Amino acid sequence: MADDIAVNGLKRVSIFPERPMSFLSARAQMDAETREQKLQAKTRSMEIDKYLKEEGKKLDPRNHVFVLLLGPSDAGKSTVLKQIIIQNGGFDDKARREQVEVIQKQILNAVKKMINYTIQNNTQWNIDKKLILECDPPDGQPIDQHVLEALMTISQSDVAKALLDKCDELSIPHSCKILFPNTATLLKPDYTPSDEEILLGRRRTEKISETKVTMDGKYWHFVDVAGHKDKRSRWTAYMEKGVQGVVYVFSCASYNQCLEEESSLNMIRDAQALFMSIVSNPILKLKSIIVMLNKYDLLDEKIKNHDIKQSLPDYPGEQTKESYLTWLVKQFNQVALDHNVEMTVFKTTATDTNLMTKIMSSVRKCILKTSVERTGL
């Protein structure tokens, strides 16, 4: 410790503290702090460079892939979009909670259709029909708890179980056959849906549904523009946005069904006419198109119970899945050939995640290949 210094009788305190830090130690600390600051600045600079590089890629049209999902209503396009989300990070908590409303209202609407059917056919069903039929909560508002409790009981009744065999006739989604046995769980206030249950949820697409993900080093933008006849006029605006790929989705198992909005029009006939309008569209100028024969899993049961020729009188083949699909693909492929459009076909079950993961990988490769050939890059 340094001695205090006296000058002219006045005591001056030493400038050194009781435990002085050496000059070298102080300098070392300053150097360490400087190095840490430089390291932080370099790290931040690298983060900014990376961000700018990513943003630059986003601005570069060569890194964008814009894909339209087209097709008639009740084809499964929304389920395909859900699969894309599941395969690329999945649903966050907010999105998962939103799907609760979709599933619960699907069950409510199915029971309403069952009730109306029993009324029209004078079928006895001792339930509170008025409570169910008058329940119509707007989007974003949950179903009343009393109604949920009633639905739990109704969905387990013998009448409901029998009517599930008439899904096509009542225009009830086939996924209700899986959902109804589990309503004790699905209709609870604290219910959180699994990915599998989210894929089973059905709601009519009224608005444009868009999904943006990064895959294969590209920025993919998938758009479902709704397939109901009164919504198809909105497709043109999206066709003008530089489409790199079109995925046409329709239900190959719908040969015995008619459109809900036009009860005299067979769904397969509508799918064929709509397909022709797309491949011949002068705005799209398609060179290729991907076709998903969706709901392939429903065909076995459908063919056992519904005569193909009764619904499609010009069908020339046998009452087998193989014969029917061969004929169906030929019908669509001929339309594509007539317009010089290359068609790639996939048999799909959009609710099967393992299958769809493989199929979507192949779909992306097809779209990228076509995009490269078109641009010459």
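**Ground rules.** I number residues from 1 along each chain as its sequence is written. The model is predicted, so local features need pLDDT of at least 70 and side-chain atom pairs count only at pLDDT 80 or more, while totals for chains, interfaces and linings use all residues; side-chain values use heavy atoms, without hydrogens and water.

**Helix H15.** I looked up residues 321-338, which form H15 (helices, H or I, of at least four residues and strands, E, of at least two are DSSP runs, numbered from the N terminus). H15 has 18 residues and spans 26 Å from first to last C-alpha, close to the expected 26 Å (1.5 Å times one less than the number of residues). I listed its buried residues (under 20% relative accessible area, 1.4 Å probe, protein chains only): Lys321, Tyr324, Leu325, Trp327, Leu328, Phe332, Val335 and Ala336. Their cover includes strand E6 (245-251), helix H12 (267-279) and strand E8 (342-347). After H15 comes Asn340, with a positive phi near 55 degrees.

**Thr348.** I found Thr348 in the loop between E8 and helix H16 (353-375). Thr348 counts as buried because its relative accessibility is 0%. Its side chain makes a polar contact of 3.0 Å with that of Asn294 (N or O atoms within 3.5 Å, one able to donate a hydrogen and the other to accept it; residues adjacent in sequence count only if both atoms are side-chain atoms).

**Thr118.** I placed Thr118 in helix H3 (residues 93-120). Thr118 is buried, at 1% relative accessible area. Leu163 is 45 residues away from Thr118 in sequence and 9.3 Å away, C-alpha to C-alpha. The two are in contact (heavy atoms within 4.5 Å).

How values were computed:
Buried < 20%, exposed > 50% of the residue type's maximum accessible area, 1.4 Å probe, protein only. Lists of a residue's contacts leave out its neighbours within four places in sequence.
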